[in-house]
Amino acid sequence: MSTQQAEPESQEAPEDPEMKGAESPAAEEQKGGGMVEEHAEKEAELEGETVHIKVFRYDPEVADKQEPRFDDFHVPFTKGMTVLDSVMYARDEYDSSLTFRHSCRQAVCGSDAFFVNGKQRLGCKTQISDLEQPVRIEPLPHQEVVKDLVVDMDHFYDQMHAVEPYFQDEDTPETDALEEQRQSPENREKIKMSSRCIWCGACMSSCNIAAGDNEYLGPAAINKAYKFAMDDREGEEIKEHRLRILEQEHGVWRCQTQFSCTEVCPKDIPLTEHIQELKREAVKKNLKFW
Amino acid sequence: MYEHDVIVVGAGGAGLRAAIAAHEAGADVAMVTKLHPVRSHTGAAEGGINAALQEGDDWELHAYDTMKGSDYLGDAPAVETLAQDAPEETINLEHWGMPFSREEDGRVSQRPFGGLSYPRTTYAGAETGHHLLHTMYEQVVKRGIQVYDEWYVMNLATTDEADPNDRECHGVVAYDVQSGTIEGFKANQGVVLATGGPGQAFDHTTNAVSCTGDGHAMAYRAGAPLEDMEFIQFHPTSLPSTGVLISEGVRGEGGILYNSEGERFMFEHGYANNSGELASRDVVARAELTEVDEGRGVEDEYVHLDMRHLGEDRIMDRLENILHLAEDFEGVDGLVEPMPVKPGQHYAMGGIEVDENGQTCVDGLYAAGECACVSVHGGNRLGGNALPELIVFGKRAGRHAAGDDLGEPKIRTGYGDDVEDETETELPVAPGEAGLDATGGVAADGGVTADPEGILERTVETARERVDRLMDKEDGVQHAEIRAKLQKAMTDYVNVFRTEEGVKKALEIIRECRQEYQDVYVDDPSRTFNTDLQQTIETRNLIDVAESIALGALVRDEFRGAHWRKEHQERKDEEWLKHTLISWDDGEPSIFYRPVILEGQNKTYEPKERSY
Ligand SMILES: Cc1cc2nc3c(=O)[nH]c(=O)nc-3n(C[C@H](O)[C@H](O)[C@H](O)COP(=O)(O)OP(=O)(O)OC[C@H]3O[C@@H](n4cnc5c(N)ncnc54)[C@H](O)[C@@H]3O)c2cc1C
Ligand code: SF4
Ligand code: FES
């Protein structure tokens, strides 16, 4: 056990555990030219320092955590340290009850989306040296908090499942068991970005519309449907069926192109664009039938 | 109590494939998994799936490369099954909509990988595992297969006959991570363990935090032996700070390794005069560390992997994900500078001993994927051979568990008349031997007379008592401390280079960890999402797995595949063409051996010198 044991100071958190109505995230430019050098500079500054993180705490079962609060931890900085590394350190060295989901540490399992300094981000993909201190780490807004940074993802999963997220080739010609269906490189390119979704829920959490309309399919589910709807390997009939799911009352037309989902997506998926394209598709099909 | 025909534990590539196959065979299947399926570690696989799909290639070449890569420790019936079934299984994924990378004519692309005589690695960008995982999960959703996600499986409900070959597995005990409720899951036909690798036994690993060898440890304690655990693959290109993997695809596409003196050392220092960077992984990992040890490493720690010359177009097309990884996790722009890389723990060739139908020696208990050892990878796995293993053997295990007849297996399991006994190697400390708290309840008592429900109920009871004890204890040692110590010992002493003295040291430290574990306690008092409790149980599993790795490494006094021993710099075919098996008897590991099967369908694979 570390000798740097820092008793976390506690303080009241203004938000309720459901974090309803949290301010919408500020757009922040994370990438771009010169990023690598800038990054190295900031890291050099932090060498030998501790990083101050303020972590949201809540546990429905434990008396002194039933009232949500923030705990402060001072974590020794190491080169390349991410937000996830900092909370792991705080948990392993200071408070083993600090709870969050995480697994891959490399931005593919999608389990550690948090609200960091007012923006939805993946903990493992966010370098501490890129952030203002103290770093505020909270659960994703607009989702029910189970404990500390863990939110209930059931609604997100339900919406993903609602778009029939599986390949349906029933109306395409049978292929030999040893022969693939053909797909042009261009068509694969078209669906490529949409296929990168890791189900982290950041987009859904950042969306004002989703916050106000619990039935709205939301950006992730619509993007999932986009992946299938734009894939040339599926037949025409199923494409129309997919569009009908998407143009229902709580589907694509709810989107008001605020771009918040696109801004927070850690996989750079052009979500808003995909939603707009599906709206256009829906219009085209309707014109054909009416 | 929940009840299903087949219970699949784990929902990575192997588990999903097993569940779909069991469902197709008509069984009522449920998956129980500690993570939601799409969070499984399979999603991190980058490079691709080997399958002989094209004209000019065939399964026999694939089988040959695999036997050679394994350093002749693969069992030919398993290796040939892999090579024969991989094409159909890979195309099947395509039929399920998997977005593979494509050629101009619309066919799936393939690329070269280390140790392959034909470019047969089928891929989807550098995110093959992500697409494979999601595609199969989609099929599980389509079929309405029941998934219990965020349920942590603690133990197997197995009868306790003295001979593991007579035991039967009737289900599992799991707890709901969200609520803390502990329940039994009865399996009327079979339990398939698909819990993935044990990479967290090491501190520098490409594996996810969830890869804690739970399935290994549970099967081991239930009587199924662990096979060839000493064979751990260290991947030559992981990022130094985090262990995040830089896919072999980079070298497959032409990436070059340089030392600090700017030498292309694979050739200039003669490590692999023919294949260079594309020699198999064990060869490249040793070459890199030798460079570092001889003072030609960068910052005394790593070497450089350069892909700049491939050009932005090619990189963006085939390796875009690598650019993001290098930038996000190491702050390096792969388009303008070389990437720092060093070997990291990556894959366990060994695992729960199974036959080619996925069955262990315990009736009703199956294993598939990285937690199992069929064995196809032998002493060294070729890149791109794990993903086909998941789908080929995941499917077979699922079908067999659901009652499909797959014929008499050629590979035998468990202790029997074809094995060779115990080694003479002197152990530095008495291994294993731990108190009740540490065993966490082995097989349920009851023997042949007990009914399955009774066995399950008793196993649930034991699990509840164990959790209560851990939660009620007021102070003691925390798991994180023990885990860190264990991981460090393994990385220090049971790494790429191994010495007898070092491995013995590791065993002593593992033994200390076992003792300290007797005093472990859970600080978090809550039953809601108690990761402290979960990690405490996982740490116990890691101790068992680490011990089996170190024991295997100590007794195998030769140099084969990924297992390098300082005192024994040669492959000893006379003595060591055999698998190491470690079984847990009466609370202690014991060791026995089974000969490798080199006879294939049409030929016998004669061991040859492995040169690249
Ligand atoms: C970074 C990386 C890249 C790789 N790239 C390639 C590649 O290009 N090609 C290739 O062939 N191979 C590759 N591999 C190897 C391959 O990806 C793995 O061997 C494979 O994905 C393992 O799959 P699995 O289904 O056995 O386990 P996993 O995908 O790890 O799944 C394990 C499952 O078990 C569950 N589980 C574990 N313990 C419990 C428990 N106690 N209770 C309930 N559930 C539990 C987990 O929730 C999870 O669902 C790579 C590996 C890594 C680490
Ligand atoms: S679309 Fe992007 S933000 Fe939304 S769930 Fe997928 S990866 Fe996360
Ligand atoms: S830990 Fe997997 S996405 Fe961050």
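Let's start with a polar contact: the side chains of B:S238 and B:H204 are joined by one, at 3.1 Å. Keep in mind as we go that this is a predicted model.

So where does B:S238 sit? Look for strand β11 of chain B, residues 232-238, and you'll find B:S238 there. Is B:S238 buried or exposed? Its relative accessibility is 0%, so B:S238 counts as buried. The side chain of B:S238 has a polar atom 2.9 Å from the backbone oxygen of B:K342. If we leave out residues up to four places away in sequence, B:S238 touches a list of residues that includes B:H204, B:T206, B:G243, B:V244 and B:L245. Also among them are B:P340, B:V341, B:K342, B:P343 and B:G344. Here's one for those of you turning the model on screen: B:S238 and B:A222 are 16 residues apart along the chain, and their C-alpha atoms are separated by 35 Å.

Now hop over to B:E60, in helix α2 of chain B, which covers residues 59-69. B:E60 has 29% relative accessibility, so this residue counts as partly exposed. What does B:E60 contact, once we ignore neighbours within four places in sequence? That would be B:N602 and B:K603. With B:N602 there's a polar contact between the side chains, at 3.4 Å. And have a look at B:Q601: this residue is 541 residues away from B:E60 along the chain, yet their C-alpha atoms are separated by 9.9 Å.

Next stop, B:K578. You'll find B:K578 in strand β20 of chain B, residues 578-585. Its relative accessible area is 9%, and anything under 20% counts as buried, so B:K578 is a buried lysine. Which side chain does the side chain of B:K578 meet in a polar contact? It's B:E420, at 2.8 Å. A polar atom of the B:K578 side chain also lies 3.4 Å from the backbone oxygen of B:E575. Beyond four places in sequence, the contacts of B:K578 include B:L73, B:R556, B:Y593 and B:R594, along with B:E420. There's a ring in the picture as well: B:K578 lies over the face of B:W576, 4.9 Å from the ring centre. Chain A has an arrangement of that kind too, with A:K227 over the face of A:F228, at 4.2 Å from the ring centre.

That brings us to rings with rings. A pair of aromatic rings is described by two things, the distance of the centres and the angle of the planes. How many aromatic pairs does the structure hold? Over all chains, 21. Take A:W199 and B:Y137: the ring centres are 5.8 Å apart and the planes meet at 75°, so we call this pair edge-to-face. Chain A puts A:W199 in the loop between α4 (185-192) and α5 (202-206), while chain B puts B:Y137 in helix α4, residues 128-142, so this pair joins two chains. Both A:W199 and B:Y137 are buried. Another edge-to-face pair is B:Y148 with B:W151, at 6.2 Å centre to centre and 85° between the planes. Both of those, B:Y148 and B:W151, are buried too. Going back to A:W199 and B:Y137, ring pairs link them with A:F156 and A:Y157 into a cluster.

Chain A and chain B bury about 5800 Å² between them, and 47% of that is on carbon and sulfur atoms. How many residues does each chain bring to the contact? Chain A brings 69 and chain B brings 75. Across the interface there are 11 salt bridges. One salt bridge pairs the side chains of B:D328 and A:K125, with N to O at 3.7 Å. On the side of chain A that touches chain B, the elements giving two or more residues are α1 (35-46), α2 (83-94), β7 (145-147), α3 (154-162), α4 and α7 (218-229). And which element gives the most to that side? It's α4 of chain A, with five residues.

Definitions and conventions: Residues are numbered from 1 along each chain as its sequence is written. Chains are lettered from A and ligands numbered from 1 in the order in which they are written. This is a predicted model: local features need pLDDT of at least 70, side-chain atom pairs count only at pLDDT 80 or more; totals for chains, interfaces and linings use all residues. Side-chain values use heavy atoms; hydrogens and water are left out. Rings of Phe, Tyr and Trp (its six-membered ring) pair if their centres lie within 6.5 Å; planes under 30 degrees apart count as stacked, over 60 as edge-to-face and the rest as tilted. Helices (H or I, at least four residues) and strands (E, at least two) are DSSP runs, numbered from the N terminus. Buried means under 20% relative accessible area, exposed over 50%, partly exposed in between (1.4 Å probe, protein chains only). A charge sits over a ring if NZ of Lys or CZ of Arg is within 6 Å of the ring centre and within 35 degrees of the ring normal. Contact means heavy atoms within 4.5 Å. Buried area is the accessible area (1.4 Å probe) that two parts lose on being put together, summed over both. A salt bridge is a side-chain nitrogen of Lys or Arg within 4 Å of a carboxyl oxygen of Asp or Glu. A polar contact is a pair of N or O atoms within 3.5 Å; within protein, one must be able to donate a hydrogen and the other to accept it, and residues adjacent in sequence count only if both atoms are side-chain atoms.
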